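Q: I would like a close look at a single part of this model, with the cut-offs spelled out as you go.

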Amino acid sequence: MNGRKQAPAPPACRLCAGPLHEWVDLGPQPVSNAFLRPEDVGRESIFRLAVGICADCTMVQQLEAMPTDSMFRADYPYRSRTSAGLRNHFEQVARWLHRDLLVRPGDLVVEIGSNDGVMLRTLAAAGVRHLGVDPSAGAAQAAAAAGVRVRVDFFDERSAQAIRAEEGAARVVFSANTISHVADIGTIFRGVDRLLAPDGVFVFEDRYVGDIVEHAYFDQIYDEHFYLFAVRSVAAMVARFGFDLVDVERIPIHGGSLRFTVVRPGAHERQPSVLKMIEDEARFGVAELDTYLRFGRQIDRIGGDLVALLTDLRDAGHRVVGYGATSKSATVTNYCGIGPDLVPFICDTTAEKQGRLSPGAHIPIRPHATFSDPYPDYALLFAWNHAEEIMAKERRFVEQGGRWILYVPHVHII
Ligand code: TMP
Ligand code: ZN
């Protein structure tokens, strides 16, 4: 012992055990989809929402994980079919899978996180053999009503093994906005390994950290988005689990996402898209700590500006209402300390969220009809990823003098 204090070791990357460099701390945060009944106030699970980047494999990830069974419960309220944009996108995905990949009679497609069947319903209607896997009984019920078969379960080695035994190998495993939610992501890849046919294809879509940084979409950081994917980091991750990233495509969903195509080594040729995007990422600094430290400072600024604006509007006697009780809004409201004093309620079309309080900030969620009864002076658009669809639908709000407040990439009024 030489009496000198040792600096604590940095936390370790969940994938490669390399050192994680923290670049933002968004403070204590709740489960972003845990909309609560008034009687449940005081019984929320809270965790520290901090994000780092691994110095070795470059994967951006949270430092503390909320347990998956706190996040994905039977009453998980999110429903993809509430958005016309998402309905349209997933119908296109289904048509593409059917045309290009599910070409042989009897080919099986399994979807991890099938939610309300927004994607599988099109394949089910076309008579394609399919199975959704989703831990939310409520979402599975909605999917079943659309003719989709669902196993109410988490996808992991155990359930994948059972599905393989019952249904045979899958030609396609698909997942959208799900696998990044699982800190122990190896369990997903080991499951896919058990389930996928030798020449099968694993396609997954998720938000792109390059778009998140470029447009300062800091509210895409919440408990469920444990990993924020880039092409370089995902290529390294899938290789670690014995797969090969053979194609990647940018898609406009949720402000900017990627569609990854992953196979067993040698099963399909790698497309030029993968290397090209890794080169683009190097130019943009997607793997650089400095990029994220800059982003962290930008988040600070946005938070300060938003609270200042909302405070000014309230003090001037203006009415502000939140629009879209998104998971993203949990990060914004709890990071900035925005409560019902600044935003008295949030309107949302999802029946499962109405009558509840927003997690952490406890802002009441009201049905969409309350938005126009009467219209507020300002609407704070938490569902900015559906801006086009929402603004088209709410033309009357603007016509009679209403204004939209957006906070990404900076606070502005339109
Ligand atoms: P998301 O950004 O995670 O997709 O969540 C969007 C939320 O906004 C979801 O709770 C549904 C709600 N919503 C509306 O209230 N009205 C709309 O027109 C749309 C598109 C979404
Ligand atoms: Zn790593």
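Which residues does Ser 257 touch, not counting residues up to four places away in sequence?

A: This is a predicted model, in which local features need pLDDT of at least 70 and side-chain atom pairs count only at pLDDT 80 or more, whereas totals for chains, interfaces and linings use all residues. Residues are numbered from 1 along each chain as its sequence is written, chains are lettered from A and ligands numbered from 1 in the order in which they are written, and side-chain values use heavy atoms, with hydrogens and water left out.

With residues up to four places away in sequence set aside, Ser 257 touches Asp 206, Arg 207, Tyr 208, Asp 211, Glu 249, Arg 250 and Ile 251, where contact means heavy atoms within 4.5 Å. Ser 257 belongs to strand S11, which covers residues 257-263; strands (E, at least two residues) and helices (H or I, at least four residues) are DSSP runs numbered from the N terminus. Because its relative accessibility is 1%, Ser 257 counts as buried, a word that means under 20% relative accessible area, with exposed over 50% and partly exposed in between, for a 1.4 Å probe and protein chains only. The C-alpha atoms of Ser 257 and Gly 210 are separated by 9.0 Å, although these residues lie 47 apart along the chain.

Strand S7 itself (residues 170-176) is mostly covered, since seven of its seven residues are buried.

Strands of a sheet pair through backbone hydrogen bonds, either parallel or antiparallel. Elsewhere in the model, six strands form an open sheet with mixed pairing, in the order S14-S13-S12-S15-S16-S17. Its edge strands are S14 (365-367) and S17 (412-413), each of which pairs on one side only. Strand S13 (residues 346-348) runs parallel to S14, joined by three bridges, and Cys 347 stands opposite Arg 366 in S14.

Methods: Two strands pair if DSSP finds at least two bridges between them.
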